[in-house]
Amino acid sequence: MARRLPRTAWFGAAVVVAYAVLSVAAPWLAPHAPDEVFVGGTFEPPSAEFWLGTDNLGRDVLSRVLYGGRTVLLLAGSASAISVAVGGMLGMFLGLRRGVVDLAVMRLLDVAMSVPPIIFALLLIGALGPSAPLIVLVVGLLFVPNVTRVMRAATLSVAGEDFIQAARARGESRAAIVLRELLPNVAGALITEVSIRTGFAAIFISGLGFLGFGPPPPAPDWGIMINEGRSTIDASVWPVVPPAVCLALLVMSLNLFTDGVGRAIDRTAR
Amino acid sequence: MTATDLVRVERLSADYRDGAGWRPVLRDVSLTIRAGEVLGLAGESGSGKSTLAALLLGETMPERRIRAGHVRFGGIDLFAAPRDTVQALRGRRIGFVPQNGGASLTPTMRIGGLLRSLLRHHRPELSSRDVGVRAERVLAEVGIPDPPAALRRFPHQFSGGQQQRIALALALACEPDLLVLDEPTTGQDALIRQAMLALLRAIRRERHLSILFVTHDLATLAQLCDRAAVMYQGEIVETGPALDVIERPSHPYTRKLMAALPRMDDAALADRVAAQ
C-alpha cells in the first residue's frame, strides 16, 4: 500500500513527522524558555533575537510555538490513542458479536453522540478543573462513539467474508480471529481513524485552550496563545498568526495523510 | 445411533431471520453418516443443503435458530455441548471446505502461517519441526507443487484450482474424522473438477475418513459417494445408495433433477451435430 500513497499523503506525513521532531527537540531549538518574560519587550516585531516577535507579556513567540507543539501533539496524540484503542476494540467486538448486545450498545452510543461534545467537555472540565490528564481522558472518550461506529462498520464488512467464516469453521478462538484475520484487514480503517481523530483532537484541545479550559497558564498552548493574542491583535499580529498557522498546517497535513491512505486502500481493494 | 454412525442428524428444523419473523430453511431433517462413508447431499440452490452442512459444525449465529432436533457427532450433541467442546471439534475432528476455497484463505496470511497456526491451535503437543513437516506433507498430499516454497506464498499467488486444494489441505491438516465439502467443484472447469474428484477418492482411500459431499450436480455424486440424499425446500425427499438414487430415482423432484442433466445423446445435441 505504501507504494500507492499519493504525494500529498507523503507531504502530510512529512509535515507531521517534522512537527514531532521539532516538538521533541524544542528544549534545544527554542532560543528562550517559553515563559521567560523580557521586561519592556512587549509586542516586539520579528528580529534577530525574536524570530517571530514577542507577545503581550514580552515572551518569545517562536519558543512558545515550539513548546506549544509538544502540548498539542502529546495531548491530541494521547486522546486519539485512547479513542482508537477503546472505540476500535469495542467496534470490532460488536461487529463480530452482533445480536442484542450490539443493538443495545449502539443505541447507547447514539444517545451519547446526541450530546454536543464541547458542552460535555466544558461541563466536566469546568467541574473537575482543567488538567492535562483530564483533558486527554475527556477528549479521548468523547471520540469513542465515532470510532466505534467506523470500526464496527469496517468489521461488519469483513466479518461476512469467507475467510472469517472459514476461521470459525477451523475452530479458531475469537481472539485469534480478531488478531490474525480481522485486524490486518481493517488496519486501513484503523490508521485512518488514528489520523482523523488526532486532527480533531488537536482542534478540540486548542479550542478548549481558546475558551480558557485548556492546560492552565502559563502553559504554551496554541489555543491559549491565539486567545491571548486575539484581544491585542490591533497592537501586533505576531502572537496570533504563528500558532494559528501551525495548528491549521498540522490539521491540514493530517487530513492529507488520511485522505491519501483512504484512496490507497480503495485502489488496493480494487 | 449405531456403533458405526459418526454423525447423526435427528429431526432437525432450523429457521433464518427474515425481517421481523423467521423463515424455515430446514424441516424435520434426519440423516446419518457412518464411519468411512461418503454421503452425497444434492439439491438446488436454496434447498438448505449448505445450512445443513454448516450445522454439522455446530455453528450458531444471530440470524439462524434451531427450532427442533439435534446433531450428534461421535455421540456429542453439538447444540447442547459447551461452546469450547464444539470449538475444539471444528478443524480438529471436523474439516470444512467451503464452496469458494480461495476466498476462505485469509488474504493477509501466508499459507505457512495459516497451516502452522491451525496445527499449533489444535495440536499443541507437536513440536515446531513436526508442525512444519506436517504442513509440507499435507500440501504435497493435495498436489501442491514444491510445498516448502508454497508455504512462503500468499493465497493470491496461486491459481483458483490450487487455492481450492489448499483449502482442502487446511481441512485435512489435523487429520479429521469427518470432512464436510460444500460444493467444492462448483464453478470449476471439467478437467479441474475431475482432478479434484480423483484427489478426494485417493484421500478417502488412504485416510478412511467420512465425507459429506454437498453438491447441486447429481452426476458428481455417482463418481464419489456411497450413499446420496436429495434435498428439496428444506426437506430430505430421497435417500439411498448413490447409484440407486441416480439410476432409479423414486421422488418426482429427483427425477426432474436427473432429467435436467445434459446428455451427449440428447436429441437436440444430435440434431445440432448433424446440422454442422
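## Stop one: a helix pair in chain A

Helix 5 of chain A and helix 6 of chain A are roughly antiparallel to each other, a label for angles over 145 degrees. This is a predicted model, where local features need pLDDT of at least 70, side-chain atom pairs count only at pLDDT 80 or more, and totals for chains, interfaces and linings use all residues. Residues are numbered from 1 along each chain as its sequence is written, while chains are lettered from A and ligands numbered from 1 in the order in which they are written.

Select residues 117-128 for helix 5 of chain A and 132-142 for helix 6 of chain A. Helices here are DSSP runs of H or I with at least four residues, strands are E runs of at least two, and both are numbered from the N terminus. The pair packs at an angle of about 155°, with axes 10 Å apart; axes are lines fitted to C-alpha atoms, for helices over the stretch in contact, and angles run from 0 to 180 degrees between N-to-C directions.

Now show the side chains. Helix 5 of chain A brings A:P117, A:F120, A:A121, A:L124, A:I125 and A:L128 to the contact, and helix 6 of chain A brings A:L134, A:I135, A:V138, A:V139 and A:L142. Contact means C-beta atoms, placed from the backbone, within 7 Å. These residues divide into eleven nonpolar, no polar and no charged (Ala, Val, Leu, Ile, Met, Phe, Trp, Tyr, Cys and Pro are nonpolar; Asp, Glu, Lys and Arg are charged; the others, Gly among them, are polar).

Stay on helix 6 of chain A, whose buried residues are A:I135, A:V136, A:V138, A:V139, A:G140 and A:L142 (buried: 20 or more other C-beta atoms within 10 Å of the residue's own). Their cover includes helix 3 (61-97), helix 5 and helix 10 (187-210) of chain A.

## Stop two: a sheet in chain B

Six strands of chain B form an open sheet with mixed pairing, in the order 6-7-8-3-9-10. Strands pair if DSSP finds at least two bridges between them. Color the edges, strand 6 (94-97) and strand 10 (235-241) of chain B, each pairing on one side only. Then select strand 9 (227-232) of chain B, which pairs with strand 10 of chain B in the antiparallel sense over six bridges. B:V230 stands opposite B:E238 there.

## Last stop: where the chains meet

Which elements give two or more residues to the side of chain B that touches chain A? In total, 24 residues of chain B are in contact with 17 residues of chain A. The elements are helix 2 (83-89) and helix 3 (111-122) of chain B, with helix 3 of chain B giving the largest share, four residues.

Notes
Two residues are in contact if their C-beta atoms, placed from the backbone, lie within 7 Å. Angles under 35 degrees count as roughly parallel, over 145 as roughly antiparallel, 65 to 115 as roughly perpendicular and the rest as oblique. A residue is buried if 20 or more other C-beta atoms lie within 10 Å of its own, exposed if 12 or fewer, and partly exposed in between; C-beta atoms are placed from the backbone.
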